[in-house]
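Hi,

Here is the two-chain model I said I would pass on.

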Amino acid sequence: MDVAVCVKQIPDPAVPGRLDASALTLVRTGALVLDAADAVGVELALRLVEQAGAGTVTVVSMAPQGAMVGLRAALAMGAAAAVLVSDDALAGSDALITAKVLAAAIARLGPDLVVAGTESTDGYTGTMPVQLAELLALPSITFVRRAGLCDGALVVERQGEDGVDEVTCPLPALLTVMSGAAVPRYPTYSGIRAARLAPVSVLSVADLGLAADQVGVVGSRQRVVSARPAVGRVAGVAVADDGAVGHLPILEVLDRAGLL
Amino acid sequence: MTPVLGRVWVVVQSDSGRPATSGLELLGWARGAAAVVDAIHWGPDAEAMAPALGAHGAARVLSTGDLGDALPGAAVAAAMAARMGCGDAPDVVLFSPTHDQRDIAGRLSARLDRPVLANAVTLSVADDGGVVTEHELFGGTTVASARSTAGPPHLVVVRPRSLSAAAAATAFSSVDAGRPAAVVPLPVPEIGRLATAAQVRCRGRAVPRVGPSLDEAPVVVAAGRGLGPTDRFELVEELARLLGGAPAATRAAVDAGWAPFTIQVGQTGRTVAPEVYLAFGISGAAQHLIGMKSARTIVAVDTDPDAPLMAIADLAVVGDAASVLTRLVDAVRARRTGPQ
């Protein structure tokens with residue numbers, strides 16, 4: 001079973017996000033790392049291939065300036081190959097364009113299964129993977145917590161608002177995985193060495209048969225026109241707990257709110 | 001005054017046989033903004049929901065009917081697209097961010113080749129007739145205004161409790177609010193395996209909760225990973241119970257297995273706005289803040305005085321969350337059982 005995993009390479013999540021002052025797009029310069037949500041997707045894909053007994057995991061990413069750090073991290077976990085779509089024309093692409101680009105790249109691979117994170121850590125719109133499924137004409141199961149194979153079909157646990165449902169789906173299909181679905185394996189030393197040698201194809205917009213005016217800021221039909229700081233909450237009182245009475249101010253708050 | 005929009009569709013999901021609150025919220029807003037409002041629905045109970053939908057301003061409920069055990073995303077999106085293709089198209093479609101509706105919105109977006117405006121907190125119409133939405137970014141610290149240049153229908157996923165029904169005071173809907181919505185079939189076109197491939201084999205339901213729901217609770221007691229390293233969530237549940245409130249957890253705590261996803265607060269999960277939000281061991285990642293920053297009073301307990309949640313809390317207690325929580329539970333218990 002061959003699996004394509006969408007991975008996003010994002011700015012360090014510990015650094016507060018910001019919008020570029022003039023273009024009003026998310027700033028994505030600086031060091032990019034593998035989105036932790038997608039490391040979970042890679043892990044799930046590796047486990048499914050192990051369960052199937054044969055097949056490979058290919059990671060696919062759309063990223064600026066030839067960014068490869070995240071791809072190498074996924075390869076070091078055990079992915080066999082990587083595809084990077086990188087092109088200056090892609091800067092400022094909205095989610096739908098990203099889906100079209102990834103669909104074009106993944107269609108060339110013809111996988112049995114496509115895996116993506118339910119939502120990215122930085123943009124968190126959560127729409128791209130489902131758009132991708134529709135573009136690839138694949139049935140999709142989102143919010144997956146557990147996944148396995150039974151007689152060649154997927155059997156997964158899908159998180160709902162009221163509880164967890166068991167859902168089945170024959171291949172080919174697309175899954176989106178939740179952040180808690182699996183703990184990503186640590187790369188081994190041999191994995192890291194193999195990652196340096198693993199094939200990474202780098203594709204441009206033209207390689208995918210797309211025109212520059214279909215992508216990027218030019219092609220996006222949703223754009224930020226202005227941004228302002230939200231009316232913020234002002235910090236209140238800070239107290240240090242001494243191990244004995246630090247909880248008392250909390251009792252006061254509860255008292256004043258009429259909750260005691 | 002004239003309505004700013006012609007026709008709005010609101011996807012209203014069924015919640016134990018009744019229209020989901022989130023959908024009714026959006027219907028309430030749409031009534032004050034559009035000349036005509038329709039509800040979009042899937043499942044066997046459109047007739048049963050028609051009176052409530054009509055009372056909230058829907059002229060019609062367009063329903064695919066029973067889809068059996070299939071996941072609804074592809075079928076409902078295809079049915080909506082087909083309807084629009086026949087000339088029955090709205091200016092705006094409003095979705096709530098439930099898992100199924102996010103599926104429908106994404107698939108419809110690809111079918112129509114239009115972007116989804118996700119995480120919207122406001123919606124207005126510009127002088128040129130274009131739709132402008134506002135979105136909270138970076139944990140709610142920045143509000144960005146966005147425009148869709150794709151033209152109608154605009155697909156908007158609205159964050160819970162954002163668009164208020166205050167505008168419903170000037171309801172434009174020409175429908176008499178006492179009349180049930182007219183049930184109109186919304187046929188699913190032939191889409192092959194996409195309609196039926198993904199099937200629910202077994203529906204698990206969470207353990208019924210004790211006490212008020214997260215939406216109703218006056219106080220929410222929430223835990224993050226800082227309450228660890230071991231699972232101490234029963235302390236959170238006890239405090240919630242003693243205070244007549246509801247327990248909640250961050251994504252990290254849910255991922256660690258301390259609490260079910262059904263009480264996860266954050267970007268994915270629930271949005272709450274209680275009188276008091278007590279946060280134990282929560283640093284306040286943007287993903288979490290967006291789910292609770294509208295609480296009237298925030299109390300945060302954490303070892304890190306510079307954590308984002310500590311910076312916006314009305315009362316920040318710097319200390320070990322588990323230790324403070326334990327003492328607080330003892331003190332509240334004593335107040336409850338001691339002399340009044």
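Two strands count as paired if DSSP finds at least two bridges between them, and the helices (H or I, at least four residues) and strands (E, at least two) are DSSP runs, numbered from the N terminus. With that in hand, A:Val60 has A:Val83 as its bridge partner in β5(A). Strand β4 (residues 57-62) of chain A and β5 (residues 81-85) of chain A run parallel, joined by 5 bridges.

Some housekeeping: this is a predicted model, with local features needing pLDDT of at least 70 and side-chain atom pairs counting only at pLDDT 80 or more, while totals for chains, interfaces and linings use all residues. Residues are numbered from 1 along each chain as its sequence is written, chains are lettered from A and ligands numbered from 1 in the order in which they are written, and side-chain values use heavy atoms, leaving out hydrogens and water.

On to the sheets. Those two chain A strands sit in an open, mixed sheet of 10 strands, ordered β11(A)-β5(A)-β4(A)-β1(A)-β6(A)-β10(A)-β7(A)-β8(A)-β9(A)-β12(B). Its edges are β11 (200-203) of chain A and β12 (199-203) of chain B, each pairing on one side only. From one strand to the next the twist averages 30° (axes are lines fitted to C-alpha atoms, for helices over the stretch in contact, and angles run from 0 to 180 degrees between N-to-C directions). Helix α3 (residues 95-107) of chain A lies across β1, β4, β5 and β6 of chain A, at about 145° to β4(A).

Another open sheet of 10 strands, also mixed, goes β12(A)-β9(B)-β8(B)-β7(B)-β10(B)-β6(B)-β1(B)-β4(B)-β5(B)-β11(B). Here the edge strands are β12 (222-229) of chain A and β11 (182-185) of chain B, and the twist averages 35°. Helix α2 (residues 46-55) of chain B packs on this sheet, touching β4, β5 and β11 of chain B (contact means heavy atoms within 4.5 Å), with its direction at about 150° to that of β5(B).

What about the interface? 86 residues of chain B are in contact with 78 of chain A. The two chains bury about 6,800 Å² between them, 55% of it on carbon and sulfur atoms; that is the accessible area (1.4 Å probe) two parts lose on being put together, summed over both. On the chain B side, B:Arg107, B:Phe138 and B:Arg327 lose the most area, together 10% of what that side buries. The rule finds 12 salt bridges across the interface, a salt bridge being a side-chain nitrogen of Lys or Arg within 4 Å of a carboxyl oxygen of Asp or Glu. B:Arg111 and A:Glu134 meet in a salt bridge at 3.0 Å, N to O.

Lastly, B:Pro19, which is in strand β3 (residues 18-19) of chain B. Is B:Pro19 buried or exposed? B:Pro19 is buried because its relative accessible area is 12%, and buried means under 20% (exposed is over 50%, partly exposed in between, with a 1.4 Å probe and protein chains only). Not counting residues up to four places away in sequence, B:Pro19 touches B:Val12, B:Gln13, B:Leu24, B:Met49, B:Ala52 and B:Leu53.

Cheers
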